[in-house]
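Let's take a walk through this protein, one region at a time. Have the sequence and the 3D view ready, and follow along.

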Amino acid sequence: MDLSERKKKILSAVIEINVKNKNAEAVSSKKLQEEYLPKLSSATIRNELNALEEMGYLTHLHTSSGRVPTKDGYEKYINELMHETRLSAKEKETIKSNFSNKLLNIKDIIDRSATTISKATNYTSIVYSGPSNNAIIKDIKLYPVSNTTQLVVVVTNEKVINELAYLGNSNENDLKAAADILKELFENKPLSMIKDKSILDSVVTAELQKYKIVFDKVLEIIEANQTNNRETLSIAGKEKLMDYPEFNDIQKFKKAVTVFEDSNNILPLIKSGENLEVSINIGSDDTGLEDCSVVTMSCNIGGETKITAGIIGPMRMDYPKAVSVLKEVAETIENVLKDEGDI
């Protein structure tokens with residue numbers, strides 16, 4: 001339904017005032033006039049509020065003469081009226097400072113992102129990365145453990161693979177030579193390349209045939225670990241819902257927190273926006289979070305690993321701030337990784 005410019009201004013103002021109000025109080029025509037629309041009379045504002053209520057964008061709270069947004073009102077605001085908020089220099093610096101220490105692996109990125117987003121927004125945050133075969137190989141080492149047993153160590157940007165192998169009688173020099181060849185072939189390449197074993201054909205000459213059993217076993221170990229990759233999930237700030245009057249009812253709070261305890265409930269929420277830069281889901285009735293909204297964003301970290309970050313808060317959420325924080329965190333991680341090189 002199309003709105004006049006005046007109705008758009010009034011709906012936006014009601015939402016912005018309501019979000020800023022810690023007590024979630026209804027917004028009166030007097031407050032709208034004083035803080036947002038001084039050129040309009042109270043009578044005109046009241047008429048427009050009545051019209052917006054008839055359209056389903058606003059509603060009364062109890063017997064109060066003030067209005068609060070409905071789910072439809074928030075959706076109208078998000079889809080047509082919302083403007084992105086610019087974070088202050090201090091807010092940006094605070095976000096950057098949370099990533100000042102070296103990022104060690106994908107789990108470190110996800111945990112730190114969840115904590116940073118929750119602190120920056122004062123909402124619950126969830127950051128997720130699914131199983132991936134795109135981890136980048138950084139190093140390959142082979143160590144003798146006994147006469148017939150060796151330790152295979154494969155370092156990637158996401159994890160370290162350690163596994164014992166039985167390669168027969170292999171001396172330390174041969175193991176080092178074989179590891180050096182494998183590293184030269186696969187360093188800074190994704191694990192998925194391992195499936196193409198033909199890449200070894202160019203190096204397994206008659207002279208290097210003695211290393212073939214080593215090559216085959218190492219590739220077998222790496223390929224097995226590809227299929228065993230697990231999803232990574234981090235949740236921060238579950239208790240922050242208690243900061244909002246919508247969750248003063250302890251039963252409502254417990255219901256929401258219970259949803260967070262089961263990843264089967266959470267993942268459909270944050271995956272809903274995985275093909276979009278930013279997705280906003282208002283009132284998730286099918287998950288027990290009908291009084292909440294979820295803002296999600298997906299991005300590629302380091303050009304290879306896809307993560308999805310979600311912010312969960314009351315329907316009366318500061319959506320522009322949530323979107324800006326998600327974008328700033330993603331940009332900060334990308335810049336940190338460029339400065340450090342690959343993790």
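Start at Lys212, which is partly exposed because its relative accessible area is 34%; buried means under 20% relative accessible area, exposed means over 50%, and partly exposed is in between (1.4 Å probe, protein chains only). Lys212 sits in helix α8, residues 212–227. Helices (H or I, at least four residues) and strands (E, at least two) are DSSP runs, numbered from the N terminus. Although Lys212 and Ala178 are 34 residues apart along the chain, their C-alpha atoms are separated by 8.8 Å.

A word on what you're looking at: this is a predicted model, in which local features need pLDDT of at least 70 and side-chain atom pairs count only at pLDDT 80 or more, while totals for chains, interfaces and linings use all residues. Residues are numbered from 1 along each chain as its sequence is written, and side-chain values use heavy atoms, with hydrogens and water left out.

Now zoom out. The protein has 11 helices and 10 strands, and 48% of its 343 residues count as buried. Its accessible surface is about 17300 Å², with 46% of that belonging to carbon and sulfur atoms; these areas come from the Shrake-Rupley method with a 1.4 Å probe, and for residues only the protein chains shown count as cover. Take the contacts (heavy atoms within 4.5 Å) that have a separation of 6 or more: 60% of them are between residues 24 or more positions apart.

What about the inside? A nonpolar core here is a set of buried Ala, Val, Leu, Ile, Met, Phe, Trp, Tyr and Cys residues joined through side-chain atoms within 4.5 Å. The largest one has 51 residues, and those touching the most other members are Ile10, Leu11, Leu32, Ile117, Val295, Ile311 and Tyr319. At least two residues of this core come from each of α1 (5–20), α3 (42–54), α4 (71–81), α6 (106–121), β9 (289–301), β10 (305–314) and α11 (319–340). Helix α11 gives the largest share, nine residues. For a look at one member, pick Leu11: leaving aside residues up to four places away in sequence, Leu11 touches Leu3, Leu52, Tyr57, Leu58, Gly73, Lys76 and Leu81. Apart from this core lies another, of 24 residues, including Val154, Ile161, Tyr211 and Leu219.

Next, find strand β5 (residues 149–156). Six of its eight residues are buried, so β5 is largely enclosed by the rest of the structure. Two strands pair if DSSP finds at least two bridges between them. Strand β4 (residues 137–144) runs antiparallel to β5, joined by seven bridges, and the two form a hairpin with four residues between them. In that pairing, Pro144 stands opposite Gln150. β5 also pairs with strand β6 (residues 160–166), again antiparallel, over seven bridges, with Thr149 opposite Tyr166.

Leu164, in strand β6, counts as partly exposed because its relative accessibility is 46%.

That leaves the charges. Side chains of opposite charge can pair when their charged atoms come close. The structure holds 16 salt bridges, each one a side-chain nitrogen of Lys or Arg within 4 Å of a carboxyl oxygen of Asp or Glu. In helix α1, Lys8 and Glu5 lie three residues apart, about one turn of the helix, and they form a salt bridge with their closest N and O atoms 3.4 Å apart. Lys8 is partly exposed at 24% relative accessibility, whereas Glu5 is exposed at 53%.

Glu53 and Arg67 also meet in a salt bridge, 2.7 Å from N to O. This pair links distant parts of the chain, with Glu53 in helix α3 and Arg67 in strand β2 (residues 67–69), 14 residues apart. Arg67 counts as buried because its relative accessibility is 5%, while Glu53 is partly exposed at 23%.

Asp139 is buried at 17%, and Lys141 is partly exposed at 35%. Finally, look for Arg6, Lys7 and Glu48, which are linked in a network of salt bridges.
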